[in-house]
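Could we go through this one together? I'd like to ask some questions and hear how each answer is worked out.

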Amino acid sequence: MNNALIEFRGVSKSYRKGSEVVDAAANVDLRIQERGMVAIVGPSGSGKSTLLHMMGAMDRPTRGEVLVAGEAVNRLSSGELTRFRRKTVGFVFQTFNLIPNLTALENVALPMEFNGVSAAERSARAKALLVRFQLGHRLKHRPRELSGGEMQRVAIARAVANEPRLVLADEPTGNLDSRSGKLIYELLQEVSRERTVIVVTHAEELAKLADRVIHIRDGQLVEDPNSAIRLASNTL
Ligand SMILES: Nc1ncnc2c1ncn2[C@@H]1O[C@H](COP(=O)(O)OP(=O)(O)OP(=O)(O)O)[C@@H](O)[C@H]1O
Ligand SMILES: [Mg+2]
């Protein structure tokens with residue numbers, strides 16, 4: 001029972017808004033296994049991004065323990081957090097967040113530089129990833145010269161550049177038309193054969209492709225019983 005990649009134990013996250021306290025996460029217990037795709041769905045303001053940020057150590061819980069890849073991330077110092085994020089987590093954002101004055105190749109190579117990979121190897125690995133993601137003809141393009149779908153594929157290549165065990169995506173198809181969005185789903189599904197991919201989404205089609213769907217309401221988890229049955233036969 002110790003092989004979960006992510007484990008939340010009694011995790012709460014409260015925000016104070018004037019005299020009011022908002023529980024963005026309320027006593028959440030959760031285990032997510034290594035590899036596969038998990039979708040998090042729920043209404044706006046239900047706490048989806050809060051959950052994702054705590055998984056990626058971008059945010060600390062108010063109470064409880066967050067264990068990722070064997071580390072109690074709620075107890076790491078800020079230096080340890082930076083190292084943890086670089087090594088273990090890749091992020092994909094709704095708005096892509098590519099660096100505008102860098103080419104597609106340079107955007108993908110950059111996180112490897114932070115991890116001490118040599119220039120020649122960074123370039124070779126970035127190129128191989130972009131070719132694999134059908135962007136071999138766009139290596140030298142800057143973000144403004146790419147379509148939204150292409151930008152998001154570059155962003156996914158960047159997210160997996162350091163071979164993280166965990167990829168976190170917050171509404172990755174929110175700014176895309178349905179055709180480009182579908183390509184992104186397929187890519188994330190491919191990525192999830194080797195890594196754990198957690199996707200926050202409003203898109204039904206994306207949630208359907210996931211191995212497991214976690215519904216959230218008012219900071220509390222409501223698991224989809226059907227996906228739990230699928231998970232039991234697949235992953236547990
Ligand atoms: N930094 C913050 N300060 C105060 N309240 C916050 C903060 N971040 C989130 N909240 C509150 O926590 C709750 C959950 O927010 P969260 O962003 O996790 O929701 P979400 O499910 O991702 O919503 P959306 O679908 O709109 O992105 C909301 O009520 C929100 O207003
Ligand atoms: Mg959100």
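What follows is a chat about the sheet, the ligand and the helix pairs.

Colleague: Before we start, what kind of model is this?

Modeller: Residues are numbered from 1 along each chain as its sequence is written, while chains are lettered from A and ligands numbered from 1 in the order in which they are written. Local features need pLDDT of at least 70, side-chain atom pairs count only at pLDDT 80 or more, and totals for chains, interfaces and linings use all residues, since what we have is a predicted model.

Colleague: How many bridges join β1 to β2?

Modeller: These two strands form a hairpin with two residues between them, and G18 in the turn has a positive phi of about 65 degrees. V11 stands opposite V28 in β2. The strands run antiparallel, and the number of bridges joining β1 to β2 is 10.

Colleague: And at the other end, which residue in β5 stands opposite L67?

Modeller: Strand β4 (residues 63-68) runs antiparallel to β5, with two bridges joining them. The residue in β5 that stands opposite L67 is A72.

Colleague: Now the ligand. Which element gives the largest share of the shell around ligand 1?

Modeller: A residue counts as near a molecule if its C-beta atom, placed from the backbone, lies within 6 Å of it. Ligand 1 is surrounded by Y15, K17, V22, A24, G42, S44, G45, S46, G47, K48, S49 and T50. The elements giving two or more residues are β1 (4-17), β2 (20-33) and α1 (48-55). The largest share is three residues, and it comes from α1.

Colleague: How many residues of that shell are polar?

Modeller: For the classes, Ala, Val, Leu, Ile, Met, Phe, Trp, Tyr, Cys and Pro count as nonpolar, Asp, Glu, Lys and Arg as charged, and the others, Gly among them, as polar. The shell around ligand 1 has three nonpolar and two charged residues, and its polar residues number seven.

Colleague: On to helix pairs. Are α5 and α6 roughly parallel or roughly antiparallel?

Modeller: Angles under 35 degrees count as roughly parallel, over 145 as roughly antiparallel, 65 to 115 as roughly perpendicular and the rest as oblique. Helix α5 (residues 148-160) and helix α6 (residues 178-191) pack at about 15 degrees, with their axes 9 Å apart. α5 and α6 are therefore roughly parallel.

Colleague: Which residues in α5 meet α3?

Modeller: The axes of α3 and α5 come within 7 Å and cross at roughly 25 degrees. Residues are in contact if their C-beta atoms, placed from the backbone, lie within 7 Å. From α3 the contact uses A104, N107, V108 and P111, and from α5 the residues are V154, A157 and R158.

Colleague: Last one: what is the orientation of α3 and α4 to each other?

Modeller: The axes of helix α3 (residues 104-114) and helix α4 (residues 119-132) come within 8 Å and cross at roughly 125 degrees. The two helices are therefore oblique.

Methods:
Axes are lines fitted to C-alpha atoms, for helices over the stretch in contact, and angles run from 0 to 180 degrees between N-to-C directions. Helices (H or I, at least four residues) and strands (E, at least two) are DSSP runs, numbered from the N terminus. Two strands pair if DSSP finds at least two bridges between them. Two residues are in contact if their C-beta atoms, placed from the backbone, lie within 7 Å.
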